[in-house]
Amino acid sequence: MTGKIELLVDAKAELGEGPCWDRRTGMLYWVDIEGKKVCAFNPATGKNREIVLNQQVSAVVPTLNKDKLIVAMEKGLFYLQERTEELQLITEVEKNLPDNRTNDGKCDAYGRFWIGTMSKKEEKEQGALYCLDTNGELTKKLDNISTSNGLAWDKTNNYMYYIDTPTQKVLRYDFALDTAILGKAVEVIDFSNEDGFPDGMTIDQEGMLWIAHWGGSKVSRWNPNTNMKLEDIELPVLNVTSCTFGGENLQELYITTARTGMNEEQLEKYPLSGGLFKVTTTVAGMQTAFLAESI
């Protein structure tokens with residue numbers, strides 16, 4: 001299914017995360033959470049621009065306005081003007097919970113932004129999952145979340161897949177695109193016998209899930225209808241954080257990694273930790289959904 005792993009940027013990111021493809025410009029956006037950076041990688045030139053912000057930033061998604069992005073920072077959601085690097089607050093998130101921060105986030109096909117939170121101290125069940133609607137209203141969708149991570153929607157938009165990392169499970173929620181209402185949850189993947197923990201996630205045109213292994217040195221492809229693993233993609237790093245499809249035909253899987261928390265021995269064994277990687281696949285991914293302009 002896949003070609004050879006290619007290192008694109010030896011970024012040495014502390015906590016690389018949240019890769020997101022903009023098909024209009026051919027740019028890959030991603031973040032270094034602990035480095036407080038939004039990165040814009042241009043595959044055509046190989047250049048990786050870094051925008052350094054004043055607090056941790058956990059997710060980035062393009063908007064329908066090509067000149068600005070939405071970013072999730074420690075305590076709120078902001079517009080980021082890419083050209084000027086100016087920030088504009090959209091809404092605060094969990095202002096009353098100073099020990100929490102935002103984590104993984106994506107847009108659904110309607111243009112809403114979904115964003116999770118987690119405890120900075122990694123305390124269990126202190127986080128939640130929120131949805132920023134197109135009218136600017138932020139609504140809590142799930143509670144008692146420990147480490148909110150992978151999000152994906154199938155091509156029919158009848159299902160939303162979701163990962164709360166410490167549970168070692170992937171859940172599939174019935175999903176109503178017109179209302180953003182989450183229905184019944186069903187466990188579709190059990191990760192408990194895998195290397196590492198499930199982190200970020202994406203989905204391909206065949207409805208298969210691609211899951212990053214934190215502490216497991218790989219990305220794996222799964223059939224959520226059978227709980228069957230189809231393929232492993234090994235990487236020369238310990239902590240693999242997330243992945244997304246990009247490229248002209250959406251057959252390039254971009255993969256983010258991290259080096260945070262690693263000791264000297266681990267860093268010596270995995271010197272490319274924190275790098276941005278790519279692998280070419282025979283299956284195409286789903287297009288990235290952008291934030292609706294009406295917010």
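Let me begin with Lys95 and Glu92, whose side chains meet in a salt bridge with an N to O distance of 3.8 Å, and please keep in mind throughout that what we are looking at is a predicted model. Lys95 is exposed, at a relative accessible area of 63%, whereas Glu92, at 41%, is partly exposed. That pair is one of the 21 salt bridges that a search of the whole structure finds.

I would now like to turn to another of them, in which the side chains of Glu194 and Lys229 meet, N to O, at 2.9 Å. Here the pair links distant parts of the chain, since Glu194 belongs to the loop between S17 and S18 while Lys229 is in strand S21, residues 228–234, and 35 residues separate the two. Is Glu194 buried or exposed? Its relative accessibility is 17%, and because the cut-off for buried is under 20%, Glu194 counts as buried. If we set aside the neighbours within four places in sequence, the residues in contact with Glu194 are His213, Trp222 and Lys229.

Staying with this part of the chain, the loop that holds Glu194 runs between strand S17, residues 181–190, and strand S18, residues 197–203. Strand S18 is largely enclosed by the rest of the structure, because 6 of its 7 residues are buried. How does S18 pair with strand S19, which spans residues 209–214? The two pair in the antiparallel sense, over 5 bridges, and if you want a position to look for on the screen, Met201 has Ile211 in S19 as its bridge partner. Together S18 and S19 form a hairpin with 5 residues between them, and in the turn Gly207 has a positive phi of about 85 degrees.

The last pair I want to show is Lys218 and Asp232, which form a salt bridge whose closest N and O atoms are 3.3 Å apart. Lys218 lies in strand S20, residues 218–223, and Asp232 lies in strand S21, so this pair ties together parts that are 14 residues apart in sequence. Lys218 counts as buried, with a relative accessibility of 5%, while Asp232 is partly exposed, with a relative accessible area of 31%.

Key
Residues numbered from 1 in each chain as written. Predicted model: local features only at pLDDT ≥ 70, side-chain atom pairs only at ≥ 80, totals over all residues. Heavy atoms only, no water. Helix = DSSP H or I, 4+ residues; strand = E, 2+ residues; numbered from the N terminus. Buried < 20%, exposed > 50% of the residue type's maximum accessible area, 1.4 Å probe, protein only. Contact = heavy atoms within 4.5 Å. Pairing = 2+ DSSP bridges. Salt bridge = Lys/Arg side-chain N within 4 Å of Asp/Glu carboxyl O.
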